[in-house]
Amino acid sequence: MSSDRGDFFECQYRSDSPNQVLIRDDRLNSPIHGAAKKGRVDVINYLLERHSLPVADENSDGRLPIELLAESNADVEDACYSEAIWRMLLANPDFCRVDRQPSSA
C-alpha cells in the first residue's frame, strides 16, 4: 500500500462497488476517513451521495471522519465543506448529542 493513505483512498472512491467503499486500511481508516484527513470534501460528498456509509466508525486512533475534516486544511467557507459536514450529520444524528463520549482507543 502507498505510504500516502489519501492517494489509496482517492483511487478507491471512484468505484461504485459497495465493497470498495467499505474497505479499511491497517489503521481502520475508511475512504471517508482518508478524504476527510486530506480535506477532500468533493470525495466525501461523492461517497455520501451514492452510498450509505458508516460515518460514525472510528479509526484505530479513535477519530471520526467529521473530526478529521474539521482539522484538515479544507476551506471552511466553501459551500462543499458545509455540504460535507451536513451530509455526515444527516448520516448520523448522534453526532449532535452533547453527551457523546469518544472511545478509549
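Biologist: Is Asn73 buried or exposed?

Modeller: This is a predicted model, so the values are computed from it. A residue counts as exposed when its relative accessible area is over 50%. Asn73 has a relative accessible area of 69%, and therefore it is exposed.

Biologist: Where in the chain is Asn73 placed?

Modeller: Asn73 lies in the loop between α5 (65-71) and α6 (79-91).

Biologist: Which residues does Asn73 touch, leaving out those up to four places away in sequence?

Modeller: Asn73 touches Lys38 and Gly39. Its C-alpha atom is also 9.2 Å from that of Arg40, a residue 33 positions away along the chain.

Biologist: How many helices and strands does the chain have?

Modeller: The chain has 6 helices and 0 strands. Of its 105 residues, 38% are buried. Among contacts with a separation of 6 or more, 60% join residues 24 or more positions apart.

Biologist: At what angle do α4 and α6 pack?

Modeller: Two packed helices are described by the angle between their axes and the distance between the axes. Here α4 (residues 41-50) packs with α6 at about 40°, and the axes are 9 Å apart. The two helices are therefore oblique to each other. The crossing of α4 past α6 is left-handed.

Biologist: Which residues meet where α4 and α6 pack?

Modeller: From α4 come Val41, Ile44, Asn45, Leu48 and Glu49; from α6 come Cys80, Tyr81, Glu83, Ala84, Arg87 and Met88. Sorted by class, this contact has 7 nonpolar, 1 polar and 3 charged residues.

Terms used:
Residues are numbered from 1 along each chain as its sequence is written. This is a predicted model: local features need pLDDT of at least 70, side-chain atom pairs count only at pLDDT 80 or more; totals for chains, interfaces and linings use all residues. Side-chain values use heavy atoms; hydrogens and water are left out. Helices (H or I, at least four residues) and strands (E, at least two) are DSSP runs, numbered from the N terminus. Buried means under 20% relative accessible area, exposed over 50%, partly exposed in between (1.4 Å probe, protein chains only). Contact means heavy atoms within 4.5 Å. Axes are lines fitted to C-alpha atoms, for helices over the stretch in contact, and angles run from 0 to 180 degrees between N-to-C directions. Angles under 35 degrees count as roughly parallel, over 145 as roughly antiparallel, 65 to 115 as roughly perpendicular and the rest as oblique. A crossing is left-handed if the near helix is turned anticlockwise from the far one by less than a right angle, and right-handed if clockwise. Ala, Val, Leu, Ile, Met, Phe, Trp, Tyr, Cys and Pro count as nonpolar, Asp, Glu, Lys and Arg as charged, and the others, Gly among them, as polar.
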